[in-house]
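The following paragraphs guide the reader through selected features of a structure. Please have the sequence and the coordinates at hand.

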Amino acid sequence: MIAPATIARVALDLPLPELFDYALSADSPICPGDWVIVPWGRSRRVGLVAALADSTTVPPDRLRVLDERLPGMPRMPAHWLELIGFGSRYYHAGFGELALPAVPKLLRTVPGARSRGSAVVRARERFAADLPKPTEGIDHPDGERVLTSGQAEALSQIQSCTGHAVFLLHGITGSGKTEVYFRWLAALLAHDQAAQALVLVPEIALTPQFAQRIRERFPMLPLAILHSDMPDAERAAHWLAAAEGRARIVLGTRLAVLVPLPALVAVVVDEEHDASFKQQEGARYSARDLAIALAARRGLPIVLGSATPSLESWHAARRGRYRLVSLRERASGASLPLVQRMALRGARLQHGLTDPAIAAINETVARGEQALIFLNRRGYAPVLNCGACGWLSRCDQCDAYRVMHKVPHRVTHQATQQVGAATPVRPASSKSESPRSQADATPSASPQRYRLVCHHCGADQPVPRSCPECGNVDLAGLGRGTQRLEEGLQSLFPSARIGRLDRDVARRRGAAQQMLDAAHAGEVDLLVGTQMLAKGHDFRRLTLVVVVDADAALFAADFRAPERLFATLMQVAGRAGRHHAASRVLIQTRFPEHPVFVALAAHNFDRFAADQLTEREQASLPPFVHQALLTVQARSADDTIAFLADARHRLLSADTDPPIPDTVLAALTVCDPVPMPLAQMRGLARAQMLVESPSRPALHAALGPWLAALRAQRHAARWQLVVDPLEI
Ligand code: ADP
Ligand code: ZN
Ligand code: ZN
């Protein structure tokens, strides 16, 4: 007989690494994975039993008894607990920090006056009401569409595998990757009447259209959708349906990887290269990498799809760890757009556009087709400037400029309630423009209101009436964001119907969808916008893409900047000509010979990736080394650097318990502490220090004891460790 376990180790929703021990009565039915209510100080909290133990370091007089289950909640399965355990070890995060935020809050709150039990019941009923009526067959007639030979080949490669494998589906834009996912899932889901599939997309904005495609294709299969921008009750309903096996397809953003799926058979990660898969707060996990870990642990196949795979994945495929599957033709038979580089140096510009770009837009609109004008910078102008003394609209809380924004008409009444409402400001053009375009840029007759907004801390103030430094009233916005581009386009093409999409537009509920619907319905001639327009959309009449200015990204300090720029531009370019024979992409740049643009013009991802990987190998950068980044925020820059210098010393002198072995230390490179690229944010100084190693086990062997030592120090500085950081 094994002695009954008497201690429950409970995870709570706290940013702390530890589990909390509670005593169980001898005959307690409580098991690992159970949701419980624990006494906590004078109140009670919901927790998750991570494990049982037969001893604890908590003194007997302080050990409290746990005997209350949270009603209605399903027990979390062992495979899920293992995945969370793996994730918390790998990312050096608390078990509770990873596990609890993954579960909708509504389902894990202490029952109050309004019974929580019924909230769970309501959540169950709610999803059931959305279910399609059961009929024969799961696949839609659309499934009869003939696959291209590339798709057929890709599908058979993926289907040839049983058990765990990672497929990297590299398909050019418009090659029909989605069709390959759907065929694959259709076969698996038809084969087993209970089977579930998980599909991850990088952004909330991509879920509606992907959900639509899934519903059209699998009208009979219950679909659960999960992202962080859903009403609580709806999210709870969908989560329960997924966790209880009632949903057959689960579509979601990164948090969906942490839903326990009892009958999971396959995983798809679409746009696998996208940095949005990395969690930005709390436990900094990569949902793509956890999805791979999940598939590996459960012995399942996983497909990672992208037109521009991450160099990590590409490298893994090159080395045979992943299986590379390629789609090299567009499914519709359309050819790829002609990509042309337009030199900005010495060119005449009107509203930031070269003459050939303006001519191309004119021709496109005249043919009744659509053009997408891409500028990855929202707002009106990136900075407000005093022409007299050179004052710039710096944020006093951040190491950044406050961005000039035009206040939309519909919220103007709110702006006027602020003290010192803004006066109209003359929007100046950037210096590179000709006198003629300066004249074009004078403000429109209707008085616009502008505000200064910091994109980092959210500070939002009216534009000052006069320069805070010298009192000059002639303040002007420098440079151009999407709002100003939209205005410029309207004056260049007065009869064109223009639709803008960026995060400012998307903030109004439904506005983004409205704009996309209008674009799909052909009610928009010119689409103006940021990245948001680039991802995933399939505009049938779109034949021209103009990239207004992407040069800033070429000079970012981050070694991943070229990779990201290439992916973004490839994706934007990929919106063009998906259904027409002839389409063009015009890239305006001061550096037409830059390798990123040369590779884009040649549509040559393989070449670009090979060159980048060579550079990375020579410079000992990922994927050839593994990194962890220690970041810290404190009152002063000196404090941040002092904290990191001390942490560095601790690591190098192995002043930890247990001590870090010399062999492990020998495999590490510990860089010097440096201020972060955004050295101040929200009034706090920020600094970082990189620790890297060609050996992942060595890196992790050092991180564990080192972090424990840092935690024990109880430092005033707020610090955070990011494993596999994407931004450095
Ligand atoms: P990707 O995700 O690879 O960019 P999509 O999956 O969006 O591409 O497919 C691009 C377009 O091609 C879509 O309109 C899709 O309906 C169409 N398509 C996909 N497969 C086929 C096929 N076998 N025959 C005809 N059209 C197809
Ligand atoms: Zn001034
Ligand atoms: Zn700020």
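Is C389 buried, partly exposed or exposed? In this predicted model, C389 has a relative accessible area of 40% and is therefore partly exposed, since that class lies between the limits of 20% and 50%. C470 is likewise partly exposed, with a relative accessible area of 40%.

Both cysteines belong to a metal site. The zinc ion (ligand 2) is coordinated at 2.3 Å by the SG atoms of C386, C389, C467 and C470. Along the chain, these donors follow the spacing C-x2-C-x77-C-x2-C. C389 sits in the loop between β17 (383–386) and β18 (403–406), while C470 sits in the loop between β20 (460–462) and β21 (475–478); the pair therefore ties together parts that are 81 residues apart in sequence.

The geometry of the site can be classified from its angles. The 4 donor atoms around the zinc ion (ligand 2) subtend angles of 104 to 114°, and the arrangement is therefore tetrahedral. For four tetrahedral donors, the ideal angle at a metal is 109.5 degrees.

A separate element to consider is helix α7, which covers residues 232–243. The buried residues of α7 are R235, A236, A237, H238, W239, L240, A241, A242 and A243. Just after α7, G245 adopts a positive phi of about 80°.

Methods. Residues are numbered from 1 along each chain as its sequence is written. Chains are lettered from A and ligands numbered from 1 in the order in which they are written. This is a predicted model: local features need pLDDT of at least 70, side-chain atom pairs count only at pLDDT 80 or more; totals for chains, interfaces and linings use all residues. Side-chain values use heavy atoms; hydrogens and water are left out. Donors are N, O and S atoms within 2.8 Å of the metal (3.2 Å for Na, K and Ca); water is not among the atoms, so sites may look incomplete. Four donors count as tetrahedral if all angles lie between 85 and 135 degrees; four count as square planar and six as octahedral if opposite donors are over 155 degrees apart and all others between 65 and 115; anything else is irregular. Helices (H or I, at least four residues) and strands (E, at least two) are DSSP runs, numbered from the N terminus. Buried means under 20% relative accessible area, exposed over 50%, partly exposed in between (1.4 Å probe, protein chains only). The expected span of a helix is 1.5 Å times one less than its number of residues.
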